[in-house]
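Colleague: Hi! I'm new to this one, could you walk me through it?
Modeller: Happy to, let me put it up first.

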Protein chains: 4
Amino acid sequence: MTIAELTLIPIGGESSSCSQYVAGALDVLVDFPDLSYRLNPMGTVLEGSMDDILAAIKAMRETVFDKGVPRVYMVIKIDERRDKDNTMDEKLASVAAKRKNDH
Amino acid sequence: MTIAELTLIPIGGESSSCSQYVAGALDVLVDFPDLSYRLNPMGTVLEGSMDDILAAIKAMRETVFDKGVPRVYMVIKIDERRDKDNTMDEKLASVAAKRKNDH
Amino acid sequence: MTIAELTLIPIGGESSSCSQYVAGALDVLVDFPDLSYRLNPMGTVLEGSMDDILAAIKAMRETVFDKGVPRVYMVIKIDERRDKDNTMDEKLASVAAKRKNDH
Amino acid sequence: MTIAELTLIPIGGESSSCSQYVAGALDVLVDFPDLSYRLNPMGTVLEGSMDDILAAIKAMRETVFDKGVPRVYMVIKIDERRDKDNTMDEKLASVAAKRKNDH
């Protein structure tokens, strides 16, 4: 199980808004039923196999080019463990369990 | 309003687990009441002024050193707009409004 | 032509040093003759096709696992243009041409 | 000694070219004589104290806003060690010393 986060940044798009491009990229994830994903204000976290994640990232960025954007900048973080399986929920739960305040 | 995401990676820590360090870093945010934050499986999104965000990031990474970790690698993404105020909720809502499927 | 930068971060390795892992990852690039690369103090810039870059990144991170590291964190930036071909040298030259001081 | 890498991405600029913005940002480093920096095709590596680096990053991104860009996305990687002083040259040399091929 690999967990990654993708941020897609259109350069040379029509305006300073990115939401239409992010929405279009998320819509293509319907073609990757084995992946789970969660959108946050700074990116989309993907959970699944490395190959599915990389294939989804390629498809997601293609949707931005399809909308006529000439340049796409991607920031990808990938967290991969071979000592234990690590899901999104387990990562969050293990942090929550170690908090000392609930600020 | 600036929105940032911080990922803190301890190098040379006791094990391959990072959750204790992330938890300790989040606990220090109680000292930054003007910042909002949301944890996700790949980082912590912070919302507030640039100076508060940078001050919080410095304090968060210090908690990792305080636990005896010799090296800390940080990945920071910062999204700053001067054409409109942009909150975490507004970013998410504007994407949701443009989705074509709810996969 | 796509340009990317990879940073490989071992988590749970023997020490806080990463150089042995970076060196081993660079050595595997001999298997990707169509890629150009340049090491800098914060990552390795790769130039070539998207598929070659992603295949090289997978092979590079595998060398870190092969050395017994249980967890590998990767930070990948990818800059892709469809309006013009963009090599590493062209990117640097176009910045240099627009500098106003040579500090 | 802290080493960081900054990538500045203008969103909503006039075109898909970023070089004018990168050049302008580098020009402001003349105001930070205690910092060393090296440009690479995917970012600018900065070496110095954490506070000087963060101050320089703030000044660099302000030059992009000064050129009328409404939104600036920054990707910052920071590598900080407390077990030894780590310069850009030392990082590169320690990798070079461990290479097995000179591909």
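**How the chains meet**

Modeller: The interface residues of chain B are, to 100%, interface residues in chain A as well, so these copies meet through the same surface. Keep in mind that this is a predicted model.

Colleague: Okay! How many residues of chain B are in contact with chain A?
Modeller: There are 37 residues of chain B in contact with 37 residues of chain A. Chain B and chain A bury about 3200 Å² between them, and 62% of that is on carbon and sulfur atoms. On the chain B side, B:P41, B:M42 and B:H103 lose the most area to chain A, together 23% of what that side buries.

Colleague: What about chain C on chain A?
Modeller: Chain C can be laid on chain A by a turn of 180 degrees and a shift of 0.0 Å along the axis, with an RMSD of 0.0 Å. The two copies are thus related as by a two-fold rotation axis. Of the residues of chain C, C:I76 comes closest to the axis, its C-alpha being 2.5 Å away. The same surface serves both copies, as 100% of the contact residues of chain C recur in chain A.

Colleague: Switching to the sheet: what is the order of its strands?
Modeller: It is an open sheet of eight strands with antiparallel pairing, in the order 2(A)-3(A)-1(A)-4(A)-4(C)-1(C)-3(C)-2(C). At the edges stand strand 2 (36-40) of chain A and strand 2 (36-40) of chain C; each has a single partner strand, so one side of each is left without a neighbour in the sheet. Neighbouring strands are turned by 20 degrees against each other on average, direction ignored.

Colleague: How many bridges pair strand 2 and strand 3 of chain C?
Modeller: Five bridges, in the antiparallel sense. Along there, C:S36 stands opposite C:E47 in strand 3 of chain C.

Colleague: Which strands does helix 1 of chain C lie across?
Modeller: Helix 1 (residues 19-27) of chain C lies across strand 1, strand 2 and strand 3 of chain C, and runs at about 170 degrees to strand 2 of chain C. Over in chain A, helix 3 (residues 88-96) lies across strands 1, 2, 3 and 4 of chain A together with strand 4 of chain C, at about 55 degrees to strand 2 of chain A.

Colleague: And how many residues has helix 2 of chain A?
Modeller: It has 17 residues, 50-66, and reaches 24 Å from its first C-alpha to its last, close to the 24 Å expected. Its buried residues include A:I53, A:I57, A:M60 and A:V64. The buried residues of helix 2 pack against parts of both chains, among them strand 1 of chain A and helix 2 of chain C. After helix 2 of chain A comes A:G68, with a positive phi near 90 degrees.

Colleague: Last one: is B:G43 buried or exposed?
Modeller: B:G43 has 9% relative accessibility, so it counts as buried. B:G43 has its place in strand 3 (residues 43-48) of chain B. Leaving out residues up to four places away in sequence, B:G43 touches B:E5, B:L6, B:T7 and B:R38.

Note on methods: Residues numbered from 1 in each chain as written. Chains lettered and ligands numbered in written order. Predicted model: local features only at pLDDT ≥ 70, side-chain atom pairs only at ≥ 80, totals over all residues. Heavy atoms only, no water. Helix = DSSP H or I, 4+ residues; strand = E, 2+ residues; numbered from the N terminus. Expected span 1.5 Å × (residues − 1). Buried < 20%, exposed > 50% of the residue type's maximum accessible area, 1.4 Å probe, protein only. Contact = heavy atoms within 4.5 Å. Least-squares fit on C-alpha atoms with pLDDT ≥ 70 in both. Pairing = 2+ DSSP bridges. Axes fitted to C-alpha atoms, helices over the stretch in contact; angles between N-to-C directions. Buried area = accessible area lost by both parts, 1.4 Å probe.
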